Amino acid sequence: MINLEDKRILVLGFARSGYSTAKILNKLGYNVILNAFDDLSTDEKAIELKNLGVKIVDGGHPLELLDSIDLIVKNPGIKYEIEFLQRAIEKNIDIITEIELANTLFNIDMVAITGTNGKTTTTQMTFDILKAANKDVFLAGNIGYPSIEVAYNHPNSLIITEVSSFQLQGTKYFKPSVAAITNLGVGHLDYHGSVENYRNAKRNIYKNQTQDDILVLNIKELEKYELSKINSQVILYDTKENSEADVFVRNNIVVYKDVELFDVTKMSLPGLHNVENAINAALISYIKGASIETIREVLYSFSGVKHRLQYVGEHNGVKFYNDSKATNPVATTTALSGFEKNIILVCGGKDRGIDFKELVPFFPRIKAMVVVGESKEILYDLATTNGLDCHKATKVDDATILANKLAVEDDIVLLSPACASWDQYKCFEDRGDEFIATFEKISQED
């Protein structure tokens, strides 16, 4: 547990989590300073915090702040490499994120789900099942509200949390009762610096777990873990019949300890990756007390998470899918694997020096590509070099219009960018919303 008594706490970074953390700690009577790099002098929420008595230092990160600080609650997006945090590390000042604060400050039972891909869908599926099972459950983390906010407002509840590598790096106290890593691929190298640093951050999800806790892993990725160093109860799953796995699929039925959880052929979401997501969600929900009937009812009707292989609609026999949350090539290959052929792929975005070669094996499924953003030329060259029909556009709006013109009945128009959105959009949600709005405009024209 984090002992905050007589601690001088610095909340580093603003945004929603910083605001919620500072406000709640202040309400609980703790000595809080909020420090942000941006100018907050006219920000309404910053003014609210000041009126509550929270000291705000904005416009930079002055090093002298560290002389009077015992604990830093860091915004996940701030890199540890900045001088302010490096000096804090030298001074042995604890640095945590608000998920750790929520997890240890309040009496909550937390399920934590992470992974390179699939964590959002798995988190939403898990929450939906447990909510349908009438459990006292709330959604938090990347997919919902800041964990600290949910934990403060709903103590003694079960919280289903999507956690990122940014939140997990530097973990000190975080200890979920059930943790799941959907997969360990490659991501956020611009933040973590290397694949191993990124994966180590993800592995921190089980760092503090004990034999009383549960960790769910994909048996196909066992080489990425040292089981001898994991203290929790590990449950392994596979998407095929496998006697070495604790959960497996036999004759299309997911089986756990001789219990038939659900039939994979009755799921509404396409793709083997969504079978994996559903296995994670069903297993966690079953462990937390959901009935088999509820698990099946939710999984068979689950239509997806917005911006994650979201079915948008059909126009003139062409189906449109919004997968704007696919911010890396692996996520896009996962989306492509859900369809066999006739895909018109809209992709491209922020150029982070990523190699898109993972897409090449899926080119036979793609009828044409429409590329946008900073990475447009790289993707265009890759496609045309491999004999794939490729077209250039400016943004998602005109790319979707062009994709629709290229499409005929039974084709799929798929927005799955394989890139971050920051070159042209504030966030992946804005990019996906533009795709949806363009589809609606197209569907109303005829």
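Welcome to helix α1, where Ser17, Gly18, Tyr19, Ser20, Thr21, Ala22, Ile24, Leu25 and Asn26 are buried (under 20% relative accessible area, with a 1.4 Å probe and protein chains only). This is a predicted model, in which local features need pLDDT of at least 70, side-chain atom pairs count only at pLDDT 80 or more, and totals for chains, interfaces and linings use all residues. Residues are numbered from 1 along each chain as its sequence is written, and side-chain values use heavy atoms, leaving out hydrogens and water.

**Helix α1**
- Helix α1 covers residues 15-27 and spans 18 Å from first to last C-alpha, close to the 18 Å expected (1.5 Å times one less than its number of residues).
- The cover over its buried residues includes β1 (8-12), β2 (31-35), α2 (44-52), β4 (71-74), α4 (98-105) and α6 (147-153); contact means heavy atoms within 4.5 Å.
- After α1 comes Gly29, with a positive phi near 90°.

**The six-stranded sheet**
- Six strands form an open sheet with mixed pairing, in the order β15-β16-β20-β17-β18-β19; helices (H or I, at least four residues) and strands (E, at least two) are DSSP runs numbered from the N terminus, and strands pair if DSSP finds at least two bridges between them.
- Because β15 (310-315) and β19 (390-392) stand at the edges with a single partner strand each, one side of each has no neighbour in the sheet.
- β15 runs antiparallel to β16 (residues 318-322), joined by five bridges, and His315 has Val318 of β16 as its bridge partner.

**Helices on the sheet**
- Helix α12 (residues 329-336) lies across β17 (343-347), β18 (366-371) and β20 (412-415), at about 160° to β17; axes are lines fitted to C-alpha atoms, for helices over the stretch in contact, and angles run from 0 to 180 degrees between N-to-C directions.
- Helix α13 (residues 376-385) also packs on the sheet, touching β17, β18 and β19, and its direction makes about 160° with that of β19.

Terms used
Buried means under 20% relative accessible area, exposed over 50%, partly exposed in between (1.4 Å probe, protein chains only).
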